[in-house]
Amino acid sequence: MTKKIDDKTIAYVSTLASLELLPEEKESAKKDLSQMLDFVDCLSQLDTEGVSPMSNVFNEVNVFREDEVVNSDGSEATLHNAPEKKDRYFVVPKTIEP
Amino acid sequence: MKEYEIVIGLEVHVELATKSKIFCGCSTAFGGAPNSHTCPVCTGMPGSLPVLNKKVVEYAMAVGLATNCAISPQTKFDRKNYFYPDNPQDYQISQLYLPICRDGFVEIDVEGKKKVGIHEIHMEEDAGKLIHDETKDCSYVDYNRAGVPLIEIVSKPDMRSAKEVIAYLEKLRILIQYLGVSDCKLQEGSMRADVNLSVRLRGETEYGTRTEMKNLSSFKAITRAVDYESKRQIALLESGQVVEQETRRWDDEKGASFTMRSKEDAQDYRYFPEPDLLPLLIDHAWIETIKAKQPEFRDEKIKRYQTEYQIPEYDILILTENKHTADIFEATVALGANPKKVSNWIMGEALRLLKESEKDAKDLCLTPAHLAKLIELVDKRVINNTTAKEVFEVMFHEDVDPEKYVREHGLKMEMEDGQLEDMIRQVIEDNPQSVEDYRNGKKKAMGFLVGQTMKATKGKADPAAINRILSELLDN
């Protein structure tokens, strides 16, 4: 059974992922995504009745840290790869939520 | 015109007062240099691994219990995906599927008591801060707030007016302040409220289409925004149009709200379970430990004060508005001081000085033993009221021992009656006109003579004693 990824879905997914795709990239992405869905789809053959979904593979719960400040000034490392910075701020194109 | 009913639900974000961030050991302190409180975890560097701050869970549970919620036995985190420069990971770690608290309520009192339901409370992380350059086409990003723990309290659509909204927020603010888990300041952003509002004809059982309003940074702004938005929606319906489901931004300067994004542009957050964090199981024993640590809340305190202390209702309301002032009051009274006198000092002088120095009630530094001693000094007439106020001001700023301070600064009323009488005789001799006025029935002249005597004694005499001796000398 082949899942068909249409142009609308590719346009939507690329917008969500903030990716600009060329027409030929869209075509190959459509093919790739369809294949991935088919691959994952084989899981539906399993009977999962009464099995609750899991969010990770570790059999552990309640892992905490205590409320302690252990980090010192991290600005140098944080800003190390910044394309543009000023007075320890990242500088980005003006962004105001519409 | 037809009669409309306003329906309001609130999403309230509260910044928790932990020392470190929710998933890393960076400081949550205000005022650090830009990006100084950051690390690979809170800036979402590849390969970094978040670990949950236990205190955040306990604070969220405490707020849940205080608002009558059920604590979820199993809870976990989810990723909410979106792109915005204040969000370094390109996702926010939040809770969608299994929030930590559900189905609570708080009671408000606006023209009668009513319950406002709480749909859920969930834990999440705050975003960074953007500063927009006024002149250049760029913004500056500081991630110090990114990863600071928040809880979001989602109410049910149970409020019907701006007054109820304010009462609900006040209720939450005081509960949370009593718990000490946040300072809940709307102006400073440690408490933020988004208002979901719709209107419907009175008697209608279905809800109308709602809008969500953001950027409300004061109670006044909320009141104005509720008024504006309900009128806007009613006008639309009255003219045969429909209300669009959308997110609107309140502009307090313009006194109006504007569309931020409509339902069509609503973001698809693609929530999915956060794979880097393990699930939480909260057992009965843990809930009981948190329950045992809950303080006596304001409503209970008010009831107890009404029976335990002989002070007016007005005093009770003011004293209990902040847990810290209530604590100081109780501790001072426990040392044997008269409740009304303690209340007067806290409500009068302490609150006046707090306001004057632009400090918060929680920063009031007043040792109960010192306050009790000050009251005793006045009761025993060691100092008079005027001196006591001066001493109190020093106590307020420097937390000094009033007894020691009075001794060291020679503020004690040292006038023995004999010595005082001599000085009063001198004042009478120096002011024959006033004495004659007094004897001719101008009782006001007495005040002048008392003032002159106070001046002569440099304030070290007991006004009651001056009055007594002066009357004796003048009337005989």
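Let me begin with the pairing across the two chains: strand β1 of chain A, residues 64-65, and β2(B) pair in the parallel sense over 2 bridges, where two strands pair if DSSP finds at least two bridges between them, and where strands (E, at least two residues) and helices (H or I, at least four residues) are DSSP runs numbered from the N terminus. Within β2(B), the bridge partner of A:R65 is B:N53.

This is a predicted model, in which local features need pLDDT of at least 70 and side-chain atom pairs count only at pLDDT 80 or more, while totals for chains, interfaces and linings use all residues. Residues are numbered from 1 along each chain as its sequence is written, and chains are lettered from A and ligands numbered from 1 in the order in which they are written.

Turning to the contact between the chains, 42 residues come from chain B and 35 residues from chain A, with two residues taken to be in contact if their C-beta atoms, placed from the backbone, lie within 7 Å. On the side of chain B that touches chain A, at least two residues each are supplied by several elements, including β2 (52-53), α1 (54-66) and β15 (256-262), and the largest share, 5 residues, comes from β10(B).

Elsewhere in chain B, an open sheet of 3 strands has the order β6-β5-β16, with antiparallel pairing. Its edge strands, each pairing on one side only, are β6 (91-94) and β16 (272-273). Strand β5 of chain B, residues 78-81, is joined to β16(B) by 2 bridges, and the partner of B:D78 in β16(B) is B:P273.
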